[in-house]
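I opened this notebook to keep track of what I looked up in one structure. The entries follow the order in which I looked.

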Amino acid sequence: MPTLGDVQRVYDFFRRHPTWVDSFWAVVLLGLCAVWVIANTSASQAARGLAVPLCLAQAAVVAMRRRAPERMLLVAIGTGLLQLVLDVEPNPGDIAFLVIIYACASNGRRWSSRLALTGGLAAAPLSTLRWPPRGETDTIWTTLLQTFFLAVIFALSWVIGDRLRTRRAYYAELEERAARLHREREAQSKAAVAAERARIARELHDVVAHNVSVMVVQADGAAYVLDAAPEQAKQALATISSTGRQALAEMRRLLGLLRAGDDAGGEYVPQPGVDQLTDLIEQVRGAGLPVRFEVAGHARPLSSGVELTAYRIVQEALTNVRKHGGDGVSASVQLGFGDAALDLLIEDNGRGARHELYEQGGRDGLGQGLIGMRERIGMVGGTLDAGPRPGGGFRISAMLPLKATR
């Protein structure tokens with residue numbers, strides 16, 4: 001007894017080989033035509049002889065309807081015209097015309113679909129005119145009604161095929177749209193991942209560059225005064241310890257961003273903002289860099305993005321002063337709260353940085369801080385101007401649009 005799997009395999013085989021299925025029905029049609037030729041004793045011997053090649057052509061139309069619907073339509077039209085000319089009466093082979101109309105409407109080109117519909121609508125009245133009903137009870141109204149129903153059958157065959165074409169096109173459009181949405185989601189996901197990686201990279205750079213530079217300066221100072229001034233060395237070591245703890249706290253916060261969804265608690269500090277600039281500058285002063293800090297305008301809460309951007313710009317600028325300013329350098333930081341923007345101005349009187357560092361960024365991480373500044377400011381819609389200061393030193397000017405928080 002065949003199982004469901006056997007039936008499915010047979011069905012899949014026929015789907016992969018549709019011409020075999022069509023050929024089977026072509027053979028069935030030939031058998032019906034053969035029965036008609038033998039049983040139709042009212043037709044002349046010549047008419048029945050002429051019907052044989054016409055039936056063979058109609059069977060070929062059925063067998064090849066899916067592989068070459070346009071060509072088979074032309075064959076069917078030619079066969080129908082020959083049938084009219086040679087006076088071969090309607091027979092079972094005429095079913096091929098219905099089949100090819102459906103095939104062209106569902107799979108053929110548009111011109112063949114329109115031609116099939118026109119031919120189908122014309123076939124019924126032509127057949128009625130060529131072979132009018134001969135019964136005694138047949139009237140003009142019964143003839144017209146017969147012609148109408150024949151035309152409806154041909155039109156219905158075309159409508160079913162065209163409906164199938166429309167549904168197939170609709171499903172194809174849905175699949176294409178789903179594939180396009182999938183590609184767009186993947187692209188958005190990759191862009192979001194890249195943006196997040198860039199943001200975390202900027203955060204890591206800011207945290208590591210600032211805190212490590214402070215620790216290096218303090219360590220060098222402690223080594224220098226270790227024997228001559230043990231108390232200063234002890235104070236420098238305490239600063240190194242405090243800075244290291246702060247760096248670890250910020251690193252934990254960044255790692256917490258990478259472990260989104262992890263319920264394991266962590267000691268993550270909040271993102272720094274403008275309010276923490278005083279502590280940052282005090283830390284820098286403690287590392288040996290004199291800094292003058294001024295605030296103009298009415299200070300007020302800002303959006304978290306502007307707060308973090310302002311803090312990181314000042315942090316990176318002061319880190320660069322320690323790296324590139326040279327001996328005896330001092331700096332100034334000015335914050336200006338305007339009506340629509342927060343203005344930042346960081347200047348120093350050191351030797352500045354080489355031109356290529358603030359224009360393009362150097363190798364081995366040199367100049368990457370200024371690149372990060374531009375990226376940060378661009379994300380909040382601000383502007384940045386960085387370059388040598390007239391009279392020596394370096395100058396960083398930034399404008400951040402203000403969006404007050406409630």
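**Entry 1: Ile95**

I began with Ile95, which has its place in helix α5. Helices here are DSSP runs of H or I with at least four residues, strands are runs of E with at least two, and both are numbered from the N terminus. I noted that the model is predicted, that local features need pLDDT of at least 70 and side-chain atom pairs pLDDT 80 or more, while totals for chains, interfaces and linings use all residues. I also noted that residues are numbered from 1 along each chain as its sequence is written, and that side-chain values use heavy atoms, with hydrogens and water left out.

I then looked up Gln58, which is 37 residues from Ile95 along the chain. The C-alpha atoms of the two are separated by 8.3 Å.

**Entry 2: Asp87**

I looked up Asp87 in the loop between α4 and α5 (95–106). Asp87 is not a glycine, yet has a positive phi of about 60°. Most residues other than glycine have a negative phi. Asp87 counts as partly exposed because its relative accessibility is 34%.

I found a nonpolar patch on the surface formed by Phe24, Trp25, Val28 and Leu32, with about 410 Å² of accessible area together. Patches take residues with over 30% relative accessible area and no salt bridge; like charges are joined within 9 Å, and nonpolar side chains (Val, Leu, Ile, Met, Phe, Trp, Tyr) within 5 Å. The areas come from the Shrake-Rupley method with a 1.4 Å probe, and for residues only the protein chains shown count as cover. Leu32 lies in helix α2 (residues 18–39) and is partly exposed, because its relative accessible area is 43%.

Next I looked up a salt bridge, that is, a side-chain nitrogen of Lys or Arg within 4 Å of a carboxyl oxygen of Asp or Glu. Arg66 forms one with Asp22, with the closest N and O atoms 2.9 Å apart. This pair links distant parts of the chain, 44 residues apart: Asp22 is in helix α2, and Arg66 is in the loop between α3 (45–63) and α4 (69–86). Asp22 counts as buried because its relative accessibility is 2%, whereas Arg66 at 36% counts as partly exposed.

**Entry 3: aromatic pairs**

How many aromatic pairs does the structure hold? It holds 4. Rings of Phe, Tyr and Trp (its six-membered ring) pair if their centres lie within 6.5 Å; planes under 30 degrees apart are stacked, over 60 edge-to-face, and the rest tilted. One of the pairs is Phe24 with Trp25, edge-to-face at 5.1 Å centre to centre and 70° between the planes. Another is Tyr170 with Tyr171, tilted at 5.8 Å and 50°. Tyr170 is partly exposed at 45% relative accessible area, and Tyr171 is partly exposed at 46%.

My count of salt bridges came to 11. Glu176 and Arg180 form one, at 2.5 Å from N to O. Both lie in helix α7 (residues 140–225), 4 residues apart, about one turn of the helix. An α-helix has 3.6 residues a turn, so residues three or four places apart point the same way.

Asp385 forms a salt bridge with Arg395, the closest N and O atoms being 3.7 Å apart. Asp385 is in strand β4 (residues 383–388) and Arg395 in strand β5, so the pair ties together parts that are 10 residues apart in sequence. I also found Glu347, Asp385, Arg389 and Arg395 linked in a network of salt bridges.

I checked the length of helix α10 (residues 304–324). Its 21 residues should span 30 Å at 1.5 Å a residue, and the end C-alpha atoms are 30 Å apart, which agrees. The expected span is 1.5 Å times one less than the number of residues. Of the 21 residues, 17 are buried. Just after α10, Gly326 takes a positive phi of about 90°.

Which residues have the most contacts inside the largest nonpolar core? They are Ile313, Leu318, Leu342, Leu344, Ile346 and Ile396, in a core of 33 residues. Such a core is a set of buried Ala, Val, Leu, Ile, Met, Phe, Trp, Tyr and Cys residues joined through side-chain atoms within 4.5 Å. Helix α10 gives the most to this core, with 8 residues.

Notes:
Buried means under 20% relative accessible area, exposed over 50%, partly exposed in between (1.4 Å probe, protein chains only).
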